[in-house]
Amino acid sequence: NTYTGIYLQNNQKLLASRPLIDYETLLQDSLFVRIHKSYLINMQHLREYQKGEGGSVIMSNGKELEVSRRKKESFVHFLKQNFKY
């Protein structure tokens with residue numbers, strides 16, 4: 001798990017040889033949020049949050065990503081603090 005897939009707007013995928021936690025730390029003061037052990041998302045590309053046990057998000061490219069139960073509370077708090085809902 002020392003590689004991270006980075007998906008760009010043009011659907012290009014880059015593979016970086018650093019773990020996701022490094023990018024989470026680097027981007028902690030921006031609009032990037034960790035929603036799952038496998039996902040760090042750019043909130044500017046969030047289109048929809050669907051409630052559920054953890055819930056899921058729909059991104060601008062149409063991908064649906066799971067929000068983990070452990071990350072749900074901090075994710076919803078971030079939404080309320082930074083976006084109108």
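## Ground rules

Two strands count as paired if DSSP finds at least two bridges between them. Strands (E, at least two residues) and helices (H or I, at least four) are DSSP runs, numbered from the N terminus. What you're looking at is a predicted model, where local features need pLDDT of at least 70, side-chain atom pairs count only at pLDDT 80 or more, and totals for chains, interfaces and linings use all residues. Residues are numbered from 1 along each chain as its sequence is written, and side-chain values use heavy atoms, leaving out hydrogens and water.

## The hairpin

Let's start with β1 (residues 4-7) and β2 (residues 13-16), an antiparallel pair held by four bridges. Within that pair, G5 has L15 of β2 as its bridge partner. Five residues sit between the two strands of this hairpin, and N11 takes a positive phi near 65 degrees.

## The three-stranded sheet

Next comes an open, antiparallel sheet in the order β5-β6-β7. Because β5 (46-50) and β7 (64-66) each have a single partner strand, one side of each is left without a neighbour in the sheet.

Strand β6 (residues 56-59) runs antiparallel to β7, joined by three bridges. Here I58 has E64 of β7 as its bridge partner. Helix α2 (residues 69-82) packs on the sheet and touches β5 and β6, where contact means heavy atoms within 4.5 Å.

## A look at H36

H36 belongs to strand β3 (residues 32-36). With a relative accessible area of 14%, H36 is buried (under 20%; exposed is over 50%, partly exposed in between, using a 1.4 Å probe and protein chains only). Leaving aside residues up to four places away in sequence, H36 touches E66, S68 and K71.

Definitions and conventions. Axes are lines fitted to C-alpha atoms, for helices over the stretch in contact, and angles run from 0 to 180 degrees between N-to-C directions.
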